Amino acid sequence: MKTPSPWLKQAALDQRRPTPYTAFDTGEAVAAYDRLVAAFRERTRVQYAVKARPDRTLLTALTERGSSLDVASPAEVEQALDAGCPPQDIACSNVFADARELAFAREQGVTVFTADSVAMTERLAAVCPGASVFVRFAHGHTAGAAQPLAGRFGCPESEAARLALHAVGGGLHLAGLSWHVGSQQYDPTQWERATARAARITRRLRPHGITVEHLNLGGGLPGTYRTDAPPVETYAEAILAAVDRHFPRPHQPRLVLEPGRAVVADAGVTVTSVKAVVDRACGTYVVLDAGLWNAGLLDNLGGIEYRVTFPGHCEDAVTRPVTLCGPTCDPLDTFTAGRAYRAPVALVPGDRAVIWSTGAYCSTSTLVGFNGYPPVPQHVRAAVSEDARPCF
Ligand SMILES: *Cc1c(COP(=O)(O)O)cnc(C)c1O
């Protein structure tokens, strides 16, 4: 398990700050980005998926390090531009972007898009003539991913070559092929299957004189939750080996990696207080002042189980199985868990609980005020790595 930065640890254990709150260490996210780049031995361009956490300070820091940004909507295009990202380094990968959204992106200078349907390639050809397009194919497997993406996104492998030809015929430039093996992917070998598919599609295009210039390896690299995932270096090794196997040099496409979660997840922590410990016939409920709605922990509904610790109690304290809940009166505001959470038997109201790795997909997923509980405040530490400012 990764150790949190000293600032995050201090933020997690600060008894004076009223709960609930989320602390986010931008420097930690930048360090995760650097580690990714190094693990992939600088062979991939990294295109951070803005939706995971769109903080301006973060986008600026990543842009300054050479990251491109992956966006889906006009507002995300604006966020990327505001952060100082040049339009040529912004890619719009929303395969359902409509004509208005595409026109906005084009007007801002965005030239790289993704399509997985004839309708989208035709829309792109009409609204963004001459644009570069990635053809996204479906991974088609659910194995290994906490959040599989099979279904809604990506055309079948059998249609990808035809779609690419259709795009080129419509005056678009084929930038390459893309896929996504599912978010929080625990199995590094899943990229091998996708790369093999990409190689087959590439072979089908060759007789038409069309080259695949880029492979977009998608997202899916993990954060640190209750189930341990291999280190990012293990993924990098497996992925680069798969690319080398299926695309022997010198005819190797350039690589793009599109991480969201792996950059920001572990840079955030949410601190909460126990409001009640209730024994019912069906078990014990621990009610926290941060939950799915006000802390934006919606990923829990999609199979992500956050690590939760109780800092006021020793690690070897006697525990019992409990159901963790947020503060609202919505039954869905409950942490689902395949394996029950456990809390110290001595836990009482007022004790604190720390929910780790809440940096990804949380800050923008909070409900605006369900039951009158506003989004938890976000304390963001700027990306200063040299002088460790004590700003918390
Ligand atoms: C959300 C998204 C990502 C990031 O996925 P993670 O699993 O968070 O790494 C990458 N690419 C696309 C197209 C996405 O929509």
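A cavity is a set of grid points where a 1.4 Å probe fits but cannot get out, and its lining residues have an atom within 4 Å of a point. In this predicted model, a search of the whole structure finds three cavities of 30 Å³ or more. The second largest cavity is lined by 10 residues, and those nearest its centre are A138, H139, L149, F153 and H180. Its volume is about 50 Å³, and the lining comprises five nonpolar, four polar and one charged residues.

The largest cavity has a volume of about 80 Å³. Its lining is made up of K2, T3, P4, L8, E28, T224, D266, G268, R307, W356 and S357. By class, three of these residues are nonpolar, four polar and four charged.

The domain assignment divides the protein into domain 1 (54-259) and domain 2 (266-381). The C-alpha centres of the two domains are 34 Å apart, and their contact involves 10 residues from domain 1 and 17 residues from domain 2. About 1200 Å² is buried between domain 1 and domain 2, with carbon and sulfur atoms giving 47% of this area. On the side of domain 1, the most area is lost by T224, Y225 and R226, which together account for 62% of what that side buries. T224 also belongs to the lining of the largest cavity.

One salt bridge is counted between the domains. R226 forms a salt bridge with E305, in which the closest N and O atoms are 2.6 Å apart. Five residue pairs are in polar contact across the interface of domain 1 and domain 2.

Definitions and conventions. Residues numbered from 1 in each chain as written. Predicted model: local features only at pLDDT ≥ 70, side-chain atom pairs only at ≥ 80, totals over all residues. Heavy atoms only, no water. Domains from an automatic or database assignment. Contact = heavy atoms within 4.5 Å. Buried area = accessible area lost by both parts, 1.4 Å probe. Salt bridge = Lys/Arg side-chain N within 4 Å of Asp/Glu carboxyl O. Polar contact = N/O pair within 3.5 Å; in protein donor to acceptor, adjacent residues only side chain to side chain. 1 Å grid on protein atoms, 1.4 Å probe; cavity = no way out; pocket = protein on both sides within 12 Å on 5 of 7 lines; lining within 4 Å. Points joined across faces, edges and corners; volume = space filled by probe spheres on them. Nonpolar A, V, L, I, M, F, W, Y, C, P; charged D, E, K, R; others polar.
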